[in-house]
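Let's take a walk through this fold together. Have the sequence and the model open, and follow along one piece at a time.

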Amino acid sequence: MKTIDPRFYDVIVAPVVTEKATMASEHNKVVFKVASKATKPQIKEAVEKLFDVKVKSVNTLVRKGKTKTFRGSFGSQSDVKRAVVTLEEGHRIDVTTGL
């Protein structure tokens with residue numbers, strides 16, 4: 001049994017399960033919420049070690065938090081960094097079933 005470095009669990013926060021992410025999974029792409037300071041090489045290494053797959057490329061984006069008003073006071077949601085991970089042919093990750 002392999003031991004996995006616990007740092008990888010800090011890089012990958014959670015899978016994103018949305019309609020758009022589900023449609024992307026048809027093209028060997030998986031979307032994850034990642035740590036805000038995570039770099040593309042760190043994300044690639046974490047996905048390869050955690051899920052035992054080969055990663056072709058990693059694209060990242062930061063979704064800005066929405067501003068909300070509640071009873072006259074303003075607040076905002078936190079920004080979320082996401083990674084779209086493209087997998088090599090023949091490799092799959094099914095995020096709907098869990099690890």
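Predicted model: local features only at pLDDT ≥ 70, side-chain atom pairs only at ≥ 80, totals over all residues.

**A walk through the sheet and its surroundings**

Let's start with a pair of strands: S2 (residues 29-34) and S6 (residues 80-87) run antiparallel and are joined by 6 bridges.

Now zoom out for the overall layout. The protein chain has 3 helices and 6 strands, and going from the N terminus on, its elements come in the order α-β-α-β-α-β-β-β-β. The C-alpha trace spans about 55 × 30 × 25 Å along its principal axes.

Back to the sheet. S2 and S6 belong to an open sheet of 4 strands, ordered S1-S2-S6-S3, with antiparallel pairing. Which strands stand at the edges? Those are S1 (12-15) and S3 (55-63); each has a single partner strand, so one side of each is left without a neighbour in the sheet. On average, neighbouring strands here are turned by 35° against each other, ignoring direction.

On the S1 side, 3 bridges pair S1 with S2, again in the antiparallel sense. Here you can find Pro15 standing opposite Phe32 in S2.

Hold on to Phe32, as it comes up again. The structure holds 1 aromatic pair, and its members are Phe32 and Phe51, which are stacked at 5.6 Å centre to centre with 25° between the planes. What does this pair tie together? Phe32 lies in strand S2 while Phe51 lies in helix H3, so the pair links parts that are 19 residues apart in sequence.

That brings us to the helix itself. H3 (residues 40-51) lies across S1, S2, S3 and S6, and its direction makes an angle of about 120° with S3.

Last stop: the largest pocket, which holds about 230 Å³ of space. It is lined by 16 residues, and the closest to its centre are Ala21, Ser25, Ile93, Asp94 and Val95. Where does the lining come from? Helix H2 (19-24) and S2 each supply at least two of its residues, and S2 gives the largest share, with 3 residues. What is the make-up of the lining by class? There are 8 nonpolar, 5 polar and 3 charged residues.

Terms used. Residues numbered from 1 in each chain as written. Heavy atoms only, no water. Pairing = 2+ DSSP bridges. Axes fitted to C-alpha atoms, helices over the stretch in contact; angles between N-to-C directions. Contact = heavy atoms within 4.5 Å. 1 Å grid on protein atoms, 1.4 Å probe; cavity = no way out; pocket = protein on both sides within 12 Å on 5 of 7 lines; lining within 4 Å. Points joined across faces, edges and corners; volume = space filled by probe spheres on them. Nonpolar A, V, L, I, M, F, W, Y, C, P; charged D, E, K, R; others polar. Phe/Tyr/Trp six-rings, centres within 6.5 Å; stacked < 30°, edge-to-face > 60°.
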